[in-house]
Amino acid sequence: MARSRKPRPTGNPFRRSFVTPEGVDLRIELGSAGARAGAFMLDLLLMLVVLIVGSVVIGLTAFAARSVLMGGLWLIGFFFLRNFWFTLFEMGGRGATPGKRIVGLRVVARDGSRLTGGAVIARNAMREIEFFLPITFFFATIFQSGTDKMISLVALVWSGIFLFFPLFNRDRLRVGDLLAGTWVVQRVRGKLGHDLVASIAASDQPRRNFSDHALSLYGEFELQTLEEVLRNGDTDALVTVAAAIRRKANLPDDGDDYGFLSDYYAALCARLERQMMVGLRRADKFSEATRDRAA
């Protein structure tokens, strides 16, 4: 269970307390409306590129095969692209679409727990109602002769209400975020996971060794949390996390919290990568390692 979140006074109106199940406050910063709009436009642009390339391929195939059935494939491809682009990318380990990654955003659960597939599906299913359906209906009716233009105006206003909804609440939430219990936050600018591992491996300091029991305590979600803690370098968070790991793994306190966590991060990362190579994945500390069906 995630601990309750208590807001802390801060000079940044977009700074929020984000307490993980380990009791670590990562003090995240919400993504601005401009950054979210920019990420959405980038995703739309990338989707358009994919759609154009797919259309060219399907068109050439249809011409070569002389088959009208290829037109149906275009419609099916457009449907899946529009409905699953955001969902599939946000279900990944980074919790972000290509557009969000470019502008430095990611999706997280507001209660500090691991982002679930159900939450991702819920927030993106609402996007179809908020944006795609009304915009599609608007353009379909405005260019159709004999259609009541008032219907087109209603569709445009409907989409506009949802589009500007994040500007009128303090957490910059879409309706989909409200339903799914999610935030869109700024990613911490710093070394990536593999860069952290590489820098730790290149260090002249002696490396710590951890038992299989100590490394079996956590999964991918906790690894990502530990990476955020190391990136931030917040002393209180480092002390809290180091104490929690030492207590669970029954390890002595050598007084070097950052060095301890850095070595533990590298060892845990290596363990999880070895498991994934044989088709095993462990989502978090509450789940067992399971066979990856996609492997």
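Asp263 and Arg208 form a salt bridge, with their closest N and O atoms 2.8 Å apart; by salt bridge I mean a side-chain nitrogen of Lys or Arg within 4 Å of a carboxyl oxygen of Asp or Glu. Asp263 sits in helix H11 (residues 257–277) and Arg208 in the loop between helix H7 (193–201) and helix H8 (212–215), so the pair ties together parts 55 residues apart in sequence. Helices here are DSSP runs of H or I with at least four residues, numbered from the N terminus.

Before going on, the ground rules. This is a predicted model, in which local features need pLDDT of at least 70 and side-chain atom pairs count only at pLDDT 80 or more, while totals for chains, interfaces and linings use all residues. Residues are numbered from 1 along each chain as its sequence is written, and side-chain values use heavy atoms, with hydrogens and water left out.

Back to the pair. Asp263 counts as buried at 5% relative accessibility, and Arg208 as partly exposed at 22%. Buried means under 20% relative accessible area, exposed over 50%, and partly exposed in between, with a 1.4 Å probe and protein chains only.

Both residues also belong to a salt-bridge network, whose members are Arg208, Arg246, Asp253, Asp254, Asp256, Asp257 and Asp263. Arg246 is also one of the buried residues of H10, a list that includes Leu238, Val241 and Ile245. Helix H10 covers residues 235–249, and at 1.5 Å a residue its 15 residues should span 21 Å; the end C-alpha atoms are 21 Å apart, which agrees. The expected span is 1.5 Å times one less than the number of residues. Just after H10, Asn250 has a positive phi of about 55 degrees.

Thr225 lies in helix H9 (residues 220–232) and is buried at 12% relative accessibility.

Asp212 pairs with Arg271, the closest N and O atoms being 2.4 Å apart. Asp212 is exposed, with a relative accessible area of 54%, whereas Arg271 counts as buried at 15%.

A search of the whole structure finds 13 salt bridges. One more is worth a moment: the side chains of Asp177 and Arg36 meet at 2.8 Å, N to O. This pair links distant parts of the chain, with Asp177 in helix H6 (residues 175–180) and Arg36 in helix H1, 141 residues apart. Asp177 is buried, at 0% relative accessible area, and Arg36 is buried too, at 14%.

Which residues does Arg123 contact, leaving aside its neighbours within four places in sequence? Among them are Arg36 and Asp177, along with Glu90, Lys100, Arg174 and Thr182. Contact means heavy atoms within 4.5 Å. Arg123 lies in helix H4 (residues 117–142) and is buried at 0% relative accessibility. Its side chain makes a polar contact with the side chain of Thr182 at 3.4 Å. A polar contact is a pair of N or O atoms within 3.5 Å; within protein, one must be able to donate a hydrogen and the other to accept it, and residues adjacent in sequence count only if both atoms are side-chain atoms.

Helix H4 also holds Glu128, buried at 12% relative accessibility.

Now Trp85, in helix H2 (residues 69–90). Trp85 is buried, with a relative accessible area of 12%. The side chain of Trp85 makes a polar contact with that of Asp43 at 3.1 Å, and the C-alpha atoms of these two residues, 42 apart along the chain, are separated by 8.6 Å. Beyond four places in sequence, the contacts of Trp85 include Leu46, Met47, Val50 and Phe80.

Last, the surface. Leu45, Leu48, Val49, Ile52, Val53, Val56, Val57 and Leu60 make a nonpolar surface patch of about 720 Å². Patches are made of residues with over 30% relative accessible area and no salt bridge, joining like charges within 9 Å and nonpolar side chains (Val, Leu, Ile, Met, Phe, Trp, Tyr) within 5 Å. The areas come from the Shrake-Rupley method with a 1.4 Å probe, and for residues only the protein chains shown count as cover. Leu45 is in helix H1 (residues 33–65) and is partly exposed, at 48% relative accessible area. An α-helix has 3.6 residues a turn, so residues three or four places apart point the same way.

Notes: Helix = DSSP H or I, 4+ residues; strand = E, 2+ residues; numbered from the N terminus.
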